[in-house]
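Subject: Model handover and notes

Hello,

The model you asked for is below, followed by my notes on it. Please keep the notes together with the file.

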Amino acid sequence: MDKMFTVRLSKDGQAVEIIDQTLLPNEVKFLRLESAESVYEAIYELRVRGAPAIGIAAAFGMYVLAGQIPDNDVFYAELERLGEYLISSRPTAVNLSFAVKRMLSAAEGCGKEAALPRLYEECNAIYGEDRAMCRAIAENGLTLVRDGNGILTHCNAGALAASEYGTGLGTLLLGKERGYNFKVYSDETRPLLQGARLTAFELFNAGIDVTLICDSAASMLMKEGRINACFVGCDRVAANGDVANKIGTRSVAVNAKYHGVPFYVFCPGSTIDFGCKNGADIVIEERLPEEITTKFFAKPTAPKGVKCFNPAFDVTDAELVTAIVTERGICRYPYTKSLAGMFGGN
């Protein structure tokens, strides 16, 4: 996976190119996104997913779309409108709005001719910064584990979710390069099976010892002493350390706390939202019932018309998080102090 790009700007600068993650692991297909609708659809439908990768896709998308806007008095207003449209595709992931706002700031006060080179520079800066952050996060994570450790993962926070190593899987991928032999247990991560389709795909192809498990098997493995640490990424961190991540993350954290297993969250500083006081302020995206009842199944697995509740994320309380691993270092509870101390001044 380190040789396969997740998201990039096309060589001609006219499109965002992504790997379609909805088709993995059965088909590796690359898509060319040239319109606002296609970028929106790719983000909403999880063709590109993972907070960092979504932010990069949005940044490249803003550059591509800016090139399509006529050079007139409403250039910037139209760019703002397109940015708001892209942000609405996945409102929980703070990297999305962060990237869009950076792109808008780069173009503010400019006409199209002056804005385009600034936007090009900014979107590539966002991409380059993510690569550096992923590497630094992976390095910091290696200080928390030992060769031979059993690691539980939930959802996917590897190279497919970012620019290179990823966040939650970066330590595992970098460790493999340095001779570490981890035993990884990958939650399948219902209902979209990112753990089965993506994490298992990435780690297996990287030569890492990975075992796929049902989400409900994690607690048993912790009780049996097979898990030395839990690794997850995240889509947003509130100022107090509450963490929004893929649905089921909170269950992993509660089980880890009970069994005395460290629960580590891996994220870049851009995922920390100091404007969000705590997890209660995080908007939780709810998705279609079909993702529970029919997606990835040959036939429906529930009665037609049955009510479904399908939140994309849950919020893990700060008290359940052993540490938050960032590119600048490792933060620990109380996070109101450690996060602010490390990132409050940006």
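Between which two elements does the loop that holds P334 lie? P334 sits in the loop between β14 (330-331) and α11 (335-343). Helices here are DSSP runs of H or I with at least four residues, strands are runs of E with at least two, and both are numbered from the N terminus.

Some conventions before the rest. This is a predicted model, in which local features need pLDDT of at least 70 and side-chain atom pairs count only at pLDDT 80 or more, while totals for chains, interfaces and linings use all residues. Residues are numbered from 1 along each chain as its sequence is written, and side-chain values use heavy atoms, with hydrogens and water left out.

Backbone

The peptide bond from Y333 to P334 is cis, with omega near 0°. A cis bond also joins R190 and P191, where omega is about 0°. P191 belongs to the loop between β5 (183-187) and α7 (194-205). T189 is found in the loop between β5 and α7 as well, and its phi is positive, near 70°. T189 is buried, with a relative accessible area of 0%; buried means under 20% relative accessible area, exposed over 50%, and partly exposed in between (1.4 Å probe, protein chains only).

C155 has a positive phi near 65° and is placed in the loop between β4 (150-153) and α6 (170-177). C155 is buried, at a relative accessible area of 9%. As background, most residues other than glycine have a negative phi, and most peptide bonds are trans.

D281, in the loop between β11 (272-273) and α10 (290-293), is partly exposed, with a relative accessible area of 46%. The C-alpha atoms of D281 and L31 are separated by 35 Å, the two residues being 250 apart along the chain.

Sheet

An open sheet of 7 strands has mixed pairing and the order β6-β5-β4-β7-β10-β13-β14; two strands pair if DSSP finds at least two bridges between them. The edges are β6 (209-213) and β14, each with a single partner strand, so one side of each has no neighbour in the sheet. Helix α5 (residues 112-142) packs on the sheet and touches β10 (263-266), β13 (323-325) and β14, its direction making about 140° with that of β13. Contact means heavy atoms within 4.5 Å. Axes are lines fitted to C-alpha atoms, for helices over the stretch in contact, and angles run from 0 to 180 degrees between N-to-C directions. Helix α9 (residues 249-259) lies across β4, β5, β7 (229-232) and β10, running at about 145° to β10. β5 and β6 run parallel and are joined by 5 bridges, with K183 opposite D209 in β6.

Helix α1

In α1 (residues 36-44), A36, S38, V39, A42 and I43 are buried. Those buried residues pack against β2 (16-19), β3 (30-33), α2 (51-66), α3 (75-87) and α4 (94-107). L46, which follows α1, has a positive phi near 65°.

α1 and α3 pack with their axes 9 Å apart, at an angle of about 20°. The two helices are therefore roughly parallel to each other (angles under 35 degrees count as roughly parallel, over 145 as roughly antiparallel, 65 to 115 as roughly perpendicular and the rest as oblique). In this contact, A36, E37, V39 and Y40 of α1 meet L82, Y85 and L86 of α3.

Regards
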